[in-house]
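Subject: A structure for you to look at

Hello! Have a look at it first, then read on.

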Amino acid sequence: MSDIRYDRLKDSYVIIAPERLHRPSGEIYDVERRAEKRVCPFCEGNEKFTPPEIFAMRSSDSFANEKGWKTRVVPNLYKAVQIEAPHEHHYGMFEHWDGFGAHEVLIDTAEHFTSMTQWSEQNVIDWITTLSLRVKDLRKDKRIASLSLFKNEGVEAGGTQPHSHTQIIGLPIVSKVKREEYERLYQHYKHNQNSLIQVLIEEEIKADGIRIVTSSEHFTAFCPYASSHPFEIMISSRKALGEIDTLSDDSIEELASLLLLVLKKLKKELKHLNFNLILSSPPLQKNTFNEELLSSMYEANRFYIKIIPRIFKYGGFEQETDILINPVAPEVAAKLLRESQND
Ligand SMILES: [Zn+2]
């Protein structure tokens, strides 16, 4: 069983998870990639190679754990935390939680796509809808304080399975980074009665849109002013549209189309694209977080997706200071992507 340990010096957490050691390595990933469709546990027809499904978007005449699905969610075989572990907090100098939490894998498509850039718009709509339904369900478990929704595509981004997939991790704690981010949004809202993210985007538009890549009716894709990574992109709603589990079908469709466009631009310009994709997810439970903050989230926050291409590796300076060195100015990245035409 894993352990969620509190780092008293850094006020942060670490997950000690021995089961993760048995994951397929990057080397296997490459072999699998070359062997194309060798036995891929995520391909349609290979359902027996995964633990039983938690959820699947499937045709009404198909059966659980069989063919006939569009998206499929299963427990992660190499889980960092598990829902069966006791929900117990141990205090003291060596403070920790037993490895309680949810760790799910969303198999994004039944087809063996190795990149999200190969998906159709309908694939993206099904993917967002599935994430939305899983968040709605996990929100009911009052022991889960926060969720992380992310996708690692490619070895350089930490991906170990070539078949396109996304992960959902629910923890009994809220990480320091998340806690501080939403605290800042809340403080800004309290003093200004508007959303810091919305103000930032409005200012980006006023700055001649030099860091904006593209926009749709309600969403803007831009390279953030203080981008930590080259070609980092944030796609955010400008008006309050809710969180992943409350976005309307129309918003999901609009977002899917914009996201796919941005990914295709990145692929075209960078050629070799390994990336992390993160979907915003505010803390969940009022009992574990400032109640006033959570009830103001609809107005204070804006739903966003971050795409972080993994181009450079990081060293000691970044470890020590938390300051990343980014050799590509976001204005340069945005201009290149804005002018990039998809075929
Ligand atoms: Zn596959």
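Q193 lies in the loop between α3 and α4; helices (H or I, at least four residues) and strands (E, at least two) are DSSP runs, numbered from the N terminus. Before going further, please note that this is a predicted model, where local features need pLDDT of at least 70, side-chain atom pairs count only at pLDDT 80 or more, and totals for chains, interfaces and linings use all residues. Residues are numbered from 1 along each chain as its sequence is written.

Q193 has a positive phi of about 55 degrees although it is not a glycine. Is Q193 buried or exposed? It counts as exposed, because it has 10 C-beta neighbours inside 10 Å. The cut-offs are these: a residue is buried if 20 or more other C-beta atoms lie within 10 Å of its own, exposed if 12 or fewer, and partly exposed in between, with C-beta atoms placed from the backbone.

K271 has a positive phi too, of about 65 degrees, and is not a glycine. You will find K271 in the loop between α5 and β13, and with 7 C-beta neighbours inside 10 Å it counts as exposed.

Now to helix α3 itself. The buried residues of α3 are K178, Y182, L185 and Y186. They cover an arc of only 95 degrees around the axis, so they sit on the same side of α3; the arc is that of the directions from the helix axis to the C-beta atoms. As background, an α-helix has 3.6 residues a turn, so residues three or four places apart point the same way. On the other side of α3, the exposed residues are V177, E180, R184, H191 and N192. The buried residues of α3 pack against β8 (146-153), α4 (196-206), α6 (291-295) and α7 (297-300).

The protein chain is divided into domain 1 (3-171) and domain 2 (176-339), with bounds that come from an automatic or database domain assignment. Their contact takes 30 residues from domain 1 and 29 residues from domain 2, where two residues are in contact if their C-beta atoms, placed from the backbone, lie within 7 Å. On the side of domain 1 that touches domain 2, α2 gives the most, with nine residues.

The largest nonpolar core has 65 residues, and those with the most contacts inside it are I233, I235, L259 and V262. Such a core is a set of buried Ala, Val, Leu, Ile, Met, Phe, Trp, Tyr and Cys residues joined through C-beta atoms within 7 Å. Helix α5 (residues 249-270) gives the most to this core, with eight residues. Domain 1 and domain 2 both give residues to the core, so it lies between them.

**Strands**

Strand β14 (residues 304-309) pairs in the antiparallel sense with β12 (residues 233-237) over four bridges, and with β13 (residues 275-279) over five bridges. Two strands pair if DSSP finds at least two bridges between them. Within these pairs, I235 stands opposite I305, while L277 has I307 as its bridge partner.

Elsewhere, four strands form an open sheet in the order β2-β1-β6-β5, with antiparallel pairing. Which are the edge strands? They are β2 (12-16) and β5 (89-90), and each pairs on one side only. In β2, S12 is the bridge partner of D7.

Happy exploring!
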